[in-house]
Amino acid sequence: MNQQLNFPFGVKLNGLGSSVPSQVVTNQDLEKIIDTNSDWIESRTGIKKRHICDSSLGEDSLSLSLEASLKALGDTPASEIDLIIVATSTPDYFYPSTACRLQSKLGATKAFAFDLSAACTGFVYALVTASQFIQLGTCSKVLVVGVDIHSKILDWTDRTTCILFGDGAGAALLERTSADKNELLSHKLHSDGHGGEDLSAKCVIGGYPLGKVEKSTESVHMNGRKIYQFAVKTIPESVSESANLAGLSVDQIDYLICHQANQRILDSVAEKMDWPREKCLSNIAKYGNTSAASIPLAWSEFANSIPSGSIISIAGFGAGLTWGSLIWKWNK
Ligand code: COA
């Protein structure tokens, strides 16, 4: 039974774009600043390099979001956008939101705009949220962005976390279509706040105690093994669940675009699903874990090689804990 049959409108993808900072940091570069080695990083994670923002070049969440958004918009005037949702956990400001700042830069004058926080699952949450606005008829064009600059909240002396992450942004332009041309076939999102401590970056703001301002955030804390186990359990379950809601079997899924956190997680998902490894698309070697940006970065990169009509599963997991997936009928 297709979960989406009762909406008056359908949603379709009309553009994808991505952006990464210019500075490339290889595993060998990391060997020079922390006690690690390139082979360990590559064999345990699949990561060979990542892009890291250089603030002296003006690179930040806004600049990456803007470049990715302009690519996703293509010829569509920004003045036609009804809503901008930015999924991020590492905004440049507590407020205004990255989405409002992006709205201003784009000149998307009629849009309302907000940020959404679901860590590495943020882009999946944002795609589903945007689609609901479109399918109910409230909006006809929605820009969805995933952006994270994890480099600014990493402890660069902690080799168990700092080697994993990279910076980047990705964007998708969603548009209203008729219900019979709907591309979002199903979705299911999950949260479990009990696991929050396993992956966190705490805000520490002045005033606790009164008047003391020491630093504005603490760096990333992670129980790597628990997060690994969480991912390899929940992603196969989630993909099966959303396939079922679309009235499909997992064998009918042509490609999985999963959050890119670790190549071993992707390989384990493929094994559990009894799929060939190649079905789980991967570009983690080049970018590392770019958090909310990883799915649109991968989607943009592989868009040209995915045949039209393919059934894609898009799945995310991350801090919260949060996870979820959706099924998309790819129409080039
Ligand atoms: N370089 C070299 N050695 C390292 C290292 C590094 N960067 N990081 C850890 N090690 C060492 C450890 O100190 C340990 O040494 P010991 O056996 O002498 O104590 C050894 O490598 C094994 O460490 P362990 O933590 O057990 O490695 P692991 O196989 O679990 O891999 C992760 C660690 C982080 C790669 C893995 O747990 C993981 O990917 N987890 C999921 C993380 C994730 O995806 N987070 C984001 C989710 S959105």
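The paragraphs below go from the whole chain to its core and then to individual loops.

This is a predicted model, in which local features need pLDDT of at least 70 and side-chain atom pairs count only at pLDDT 80 or more, while totals for chains, interfaces and linings use all residues. Residues are numbered from 1 along each chain as its sequence is written, and side-chain values use heavy atoms, with hydrogens and water left out.

The chain has 9 helices and 13 strands, where helices (H or I, at least four residues) and strands (E, at least two) are DSSP runs numbered from the N terminus. Its radius of gyration is 19 Å, close to the 20 Å that the globule rule gives for 332 residues, so the chain is as compact as a globular protein of that length; the radius is taken over C-alpha atoms, and the rule is 2.2 Å times the number of residues to the power 0.38. Along the principal axes, the C-alpha atoms fill a box of roughly 55 × 50 × 35 Å. Contacts (heavy atoms within 4.5 Å) between residues at least 6 apart in sequence join, in 76% of cases, residues at least 24 apart.

Of the 332 residues, 55% count as buried, that is, under 20% relative accessible area, with exposed meaning over 50% and partly exposed in between (1.4 Å probe, protein chains only). In soluble globular proteins, nonpolar side chains tend to be buried together. Here the largest nonpolar core has 45 residues, and those with the most contacts inside it are Val239, Leu256, Trp275, Phe317 and Ile327; such a core is a set of buried Ala, Val, Leu, Ile, Met, Phe, Trp, Tyr and Cys residues joined through side-chain atoms within 4.5 Å. At least two residues of this core come from each of α6 (224–245), β11 (255–258), α7 (263–273), β12 (311–318) and β13 (322–329), and α6 gives the most, with 7 residues.

Several loops hold backbone features to inspect. A cis peptide bond, with omega about 5 degrees, joins Tyr95 and Pro96, and Pro96 is found in the loop between β4 (83–87) and α4 (98–106). The bond from Gly320 to Leu321 is also cis, with omega near -5 degrees, and Leu321 is in the loop between β12 and β13.

Ala119, although not a glycine, has a positive phi of about 50 degrees; this residue lies in the loop between β5 (112–116) and α5 (122–135) and is buried, with a relative accessible area of 13%. Ser291, likewise not a glycine, has a positive phi of about 55 degrees, lies in the loop between α8 (284–287) and α9 (294–302), and counts as buried at 1% relative accessibility.
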